[in-house]
Amino acid sequence: MAETDISTTSRVPDARPERPSEQRSVRDLLRSAEIDGRLAGMLVALAIIWIVFQIATPNHTFLTPRNLWNLSVQTSVVAIMATGMVLIIVERHIDLSVGAVMALVGMIMGAFQSDFLPETLGFDHPLTWAITLALGLVLGAAIGAFQGVIVAYVGVPAFIVTLGGLLVWRGLAWRVASGQTIAPMDSNFRLLGGGADGSIGGMWSWVVGIAACLGIVALQLTKRRQRARYGFRLRPVWAEIALGVVACGTVLGAIWFLNRYYLPAGIVEARGLPPGTNVSQGLAIPVLIALGVAVVMTFIATRRRFGRYVYAIGGNPEAAELAGIRTKMTVVKTFSLMGLLVGLAAAVQIARLNAAVSSLGTNMELNVIAAAVIGGTSFTGGVGTIAGAVLGAVVMQSLVSGMVLMGVEAPLQDVVVGVVLVIAVTLDTVVRRRATG
Amino acid sequence: MTDRTAVPLVELRNIRVAFGGVHAVDDVTVDLHPGEVVGLVGGNGAGKTTLIRTLSGAHPADSGQILIDDQPVTIESPRDAKELGIETIYQTLALADNIDAPANMFLGRELITRFGNLNSSAMEDSTRKIMGRLNPNFEKFVAPVSTLSGGQRQSVAIARAVHFNARILIMDEPTAALGPAETNQVRDLIRQLREEGIGIFLISHDIHDLFDLADRISVMLQGKLVGTVNKDDVTVDQVLAMIIMGKKPGEVTQQDIAELH
């Protein structure tokens, strides 16, 4: 009994921030700057992976604007879905059906815009893309909600429900067009997938970058002002400024680097520009979509009741129920949100491919789950961040991209990704055990 | 002290709860007045916690009635109970370990801004104020509660129950995880809450705790109510006889008392 008292008093001074700054360890430094240590660790790991590939690839082509631009586009589809998968896994569930749902929703969106809409609206109608996208989002959300109801209200384990879903939705996807490929996509819709036309150009990329910086600073100021109003301890000014400078510097640096990826000469000439002009591609629309999704999902996860409940359920389902949370409804909403994101990812994917095929998204569920897990999401529930999952997706895609550049054969790529997955989780488990033990 | 002729604050009438074929709670009737502490005792598996969970909305009764201010009420979920002013400190504490103390305090009743976003600063501020009264040593407001000591976790659970102006408080072994100093703090708190006119059901294994705090003691054995006695009318031995043998004070012989010791 007495040891509770002792531990109470002995722990308190540790949490006190008033110690002189010379005595601080790196960990304390991070803590006093209120930086997420795990996220910082992942950024370091990613930097190491990038540098190793830069050295290892022939002609050192990894860290080129062209490769990183492609990497950003290739990552976006998995990243969009990984943000939803985090919340599912945080809730101690799983969704194995995301690849199959992607196929079904993708096929229906494809058929809808190539067969149905041209007959009703006319060919290449300016609203075709929006109506098709809306259909995909609604359909994805409905499928997610349906699976969520079986999980939450009927009580069938999510693993089983979505494993069944994986087979069912994939089979139905085949039925939509009897296995045929649907192509091409509407010209506006295709922009969702990126490419030369589906990028916003150098100038607008700078606009996005500067807006993001202003957003970061505004967010810092708002938080600071609010904490000051309640008289809470503020993050040290040096840390606040350093954080702002690093964040904005990273954003603007990334824009600068990616803007050095120029449109192919053929397209430049087709646009009537003098040959040899360097025209930046700028950020691809799917990348913007993924970034937007990450911001919105982070907001939902951390600043909304729904997100709070997702984490509470993951931490202690019984406590959440006893606190009066409608836990079943929250689970249904989470699966529905996952479905909505799958619908969005399906739109990006068929737009990128300029075709809908019933094999769309095969094995995608594994990439999405791996991204979330590499990003620090724990299967024991309650732990995981949106930013981590997006970084996890970048790590996965970086490995694949780097190995492709090195000419590593596909089966060996899988071996490496699998090993990295297990190592990442092992490291995380060890670090966490040490932190709590 | 308490006017027991008046209408009770809560009455649990003929409550039955069965799990499979086992009657965890079998036709139990207890009541509670404003400003009164009723102790619930009994051995392991006597049905105390199950009985109380029907009042907190954690597990609805199979049959029986719950009356508040003499009016029948339906309590089917923890939400219903909270709306009726019933707050519970569970033996397990029922905290989500992965989120911080303010988040647990306000779980299900978050303070929000006018845009519907979580108002974290306001929640932290309130939590700091409450903790300043309940447990002045409490410092970890932004760490997951899994990093707190047993006593600190307990104070979060207690703070949550007393913050929302409960009329009826259920405390299931509130001092189980506490050291002597913290136990005394909780005892003082219980006395203070009773002064404020709150009715308290107190479940405890510690018979001395109960004699110290309770006005009346209800004893359960194997799902049935043995009886309810005024603390001042009975001895510790008589209550022990109720707990162990299921005999009311009038039925206890000298030989029974001898056997207890």
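User: Which elements make the right-handed β-α-β unit in chain B?
Analyst: This is a predicted model, so take what follows as a reading of a prediction. The right-handed unit consists of β7(B), helix α6 (residues 180-195) of chain B and β8(B).

User: How do I read the pairing of β7 (residues 168-172) and β8(B): parallel or antiparallel?
Analyst: The general idea comes first. Strands of a sheet pair through backbone hydrogen bonds, and the pairing is either parallel or antiparallel. Here, β7(B) and β8(B) pair in the parallel sense, over five bridges. B:I170 has B:F201 of β8(B) as its bridge partner.

User: Which other strand do bridges join to β8(B)?
Analyst: Strand β3 (residues 37-41) of chain B. Four bridges join β3(B) to β8(B), and the two run parallel. For one pair, look at B:G39, whose bridge partner in β8(B) is B:L202.

User: Is β8 (residues 199-203) of chain B enclosed or open to the outside?
Analyst: Count neighbours. A residue is buried if 20 or more other C-beta atoms lie within 10 Å of its own. In β8(B), five of the five residues are buried, so the strand is largely enclosed by the rest of the structure. Now check each face. One side carries B:G199, B:F201 and B:I203, the other carries B:I200 and B:L202, and all are buried.

User: What is the strand order in the open sheet of four strands?
Analyst: The order is β2-β1-β4-β5 in chain B, and the pairing is antiparallel. β2 (22-32) and β5 (71-73) stand at the edges with a single partner strand each, so one side of each has no neighbour in the sheet. From one strand to the next, the twist averages 30 degrees.

User: Which helix packs on this sheet?
Analyst: Helix α1 (residues 48-56) of chain B. This helix touches β1 (10-19), β2 and β4 of chain B. The direction of α1(B) makes about 115 degrees with that of β1(B).

User: How many bridges hold the pairing of β1(B) and β4(B)?
Analyst: Five bridges, in the antiparallel sense. One pair to find is B:V10 with its bridge partner B:I68 in β4(B).

User: And how many bridges are there between β4 (residues 63-68) and β5(B)?
Analyst: Three, again counted for an antiparallel pairing. B:I66 has B:V73 of β5(B) as its bridge partner. B:L67 stands opposite B:P72. The hairpin of β4(B) and β5(B) has two residues between the strands, and B:D69 takes a positive phi near 50 degrees there.

User: What should I know about phi and peptide bonds in general?
Analyst: Most residues other than glycine have a negative phi, and most peptide bonds are trans. Now for the cases here. Phi of A:N59 is positive, near 65 degrees. Phi of B:A94 is positive too, near 50 degrees.

User: Where do A:N59 and B:A94 lie?
Analyst: A:N59 lies in the loop between α3 (37-56) and α4 (65-90) of chain A. B:A94 lies in the loop between β6 (86-89) and α3 (101-105) of chain B.

User: Where is a cis peptide bond?
Analyst: Look between A:A183 and A:P184, where omega is about -5 degrees. A:P184 sits in the loop between α7 (158-176) and α8 (201-229) of chain A.

User: How many helices and strands does chain A have?
Analyst: Chain A has 17 helices and zero strands. Its radius of gyration is 23 Å, close to the 22 Å of the globule rule for 437 residues, so chain A is as compact as a globular protein of that length. The C-alpha trace spans about 75 × 60 × 45 Å along its principal axes. Of the 437 residues, 43% count as buried.

User: How do I read contacts by sequence separation in chain A?
Analyst: Take contacts between residues at least 6 apart in sequence. In chain A, 78% of these join residues at least 24 apart.

User: Which residues have the most contacts inside the largest nonpolar core?
Analyst: The general idea: in soluble globular proteins, nonpolar side chains tend to be buried together. Here the largest core has 183 residues, and A:I80, A:A82 and A:M85 have the most contacts inside it. Helix α14 (residues 327-353) of chain A gives the largest share, 15 residues. Leaving aside neighbours within four places in sequence, A:A82 has contacts that include A:V368, A:A371 and A:V390.

Notes:
Residues are numbered from 1 along each chain as its sequence is written. Chains are lettered from A and ligands numbered from 1 in the order in which they are written. This is a predicted model: local features need pLDDT of at least 70, side-chain atom pairs count only at pLDDT 80 or more; totals for chains, interfaces and linings use all residues. A nonpolar core is a set of buried Ala, Val, Leu, Ile, Met, Phe, Trp, Tyr and Cys residues joined through C-beta atoms within 7 Å. A residue is buried if 20 or more other C-beta atoms lie within 10 Å of its own, exposed if 12 or fewer, and partly exposed in between; C-beta atoms are placed from the backbone. Two residues are in contact if their C-beta atoms, placed from the backbone, lie within 7 Å. The radius of gyration is taken over C-alpha atoms; the globule rule is 2.2 Å times the number of residues to the power 0.38. Two strands pair if DSSP finds at least two bridges between them. A crossover is right-handed if, with the strands pointing away from the viewer, the path from the first strand over the helix to the second runs clockwise. Axes are lines fitted to C-alpha atoms, for helices over the stretch in contact, and angles run from 0 to 180 degrees between N-to-C directions.
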